[in-house]
Amino acid sequence: KREKNYLQLEKIVKENDDLVNLDRRHLNLLSNFSFPVVCINKQKRDIYYNRFVSAGVEIRPMIAGNIQEQPFFRKYSTNEDPLPGVSILHENSFYCGNYPELTDDNLKTISHCLSN
């Protein structure tokens, strides 16, 4: 069910130039507990973030984002390394849940939020 949900939502992402289509060719099976939304820039991320929130869809930052941006990290470490890939995810992405109990209405809502 998670794979079916993911593939359905992925089709919408592939048609939307505001979003990054993630390369998953290395995966034989999809069982994602979430659906990642990676936008092409922070401005687009803010637009899509607000769409999801306005639609009542719970979202979360992409796992921890850039750990170097977290207050506890700065408390315990003075080192900071350039992490451009992580910074892009930190600034331009979030995820919503992908669980087997998502209804057709839930998927329609998420699909609408992802549409261009």
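**Salt bridges and a buried Asn**

Reader: Starting with Lys-14, which side chain does it meet in a salt bridge?
Author: Glu-10: the Lys-14 and Glu-10 side chains form a salt bridge at 4.0 Å, N to O. The term covers a side-chain nitrogen of Lys or Arg within 4 Å of a carboxyl oxygen of Asp or Glu.

Reader: What kind of model is this, and what pLDDT do local features need?
Author: This is a predicted model, where local features need pLDDT of at least 70 and side-chain atom pairs count only at pLDDT 80 or more, while totals for chains, interfaces and linings use all residues. Numbering runs from 1 along each chain as its sequence is written, and side-chain values use heavy atoms, with hydrogens and water left out.

Reader: OK, where do Lys-14 and Glu-10 lie?
Author: Both sit in helix 1, residues 2–14, four residues apart, which is about one turn of the helix. Helices here are DSSP runs of H or I with at least four residues, strands are E runs of at least two, and both are numbered from the N terminus.

Reader: Is Glu-10 buried or exposed?
Author: Glu-10 is buried, because its relative accessible area is 5%. Buried means under 20% relative accessible area, exposed means over 50%, and partly exposed is in between, using a 1.4 Å probe and protein chains only. Lys-14, at 51%, counts as exposed.

Reader: What else does Glu-10 form a salt bridge with?
Author: Arg-24, with the closest N and O atoms 2.7 Å apart. That pair links distant parts of the chain, since Glu-10 is in helix 1 and Arg-24 is in the loop between helix 1 and strand 1 (34–38), 14 residues apart. Arg-24 is partly exposed at 24%.

Reader: How many salt bridges does the structure hold?
Author: Seven. Another one of them joins the side chains of Lys-42 and Asp-46, at 3.2 Å, N to O. These two residues lie in helix 2 (residues 42–54), four residues apart. Lys-42 is partly exposed at 38%, and so is Asp-46 at 28%.

Reader: Switching to Asn-92, why does it count as buried?
Author: Its relative accessibility is 7%, so Asn-92 counts as buried. Asn-92 is found in helix 4, residues 84–92.

Reader: And what does Asn-92 touch?
Author: Leaving out residues up to four places away in sequence, Asn-92 touches Val-37, Val-38, Cys-39, Ile-40, Asn-41, Lys-42 and Arg-45. Contact means heavy atoms within 4.5 Å.

Reader: Zooming out, what pattern does the protein chain follow?
Author: Along the sequence, the pattern is α-β-α-β-α-α-β-α, with five helices and three strands. Buried residues make up 31% of the 116 residues. Among contacts with a separation of 6 or more, 71% involve residues 24 or more positions apart.

Reader: How far apart are the mean positions of the charges?
Author: The mean positions of the 15 positive and 15 negative charges are 3 Å apart. Lys and Arg count as positive, Asp and Glu as negative, with His and the chain ends not counted. Each charge is placed at NZ of Lys, CZ of Arg, CG of Asp or CD of Glu.
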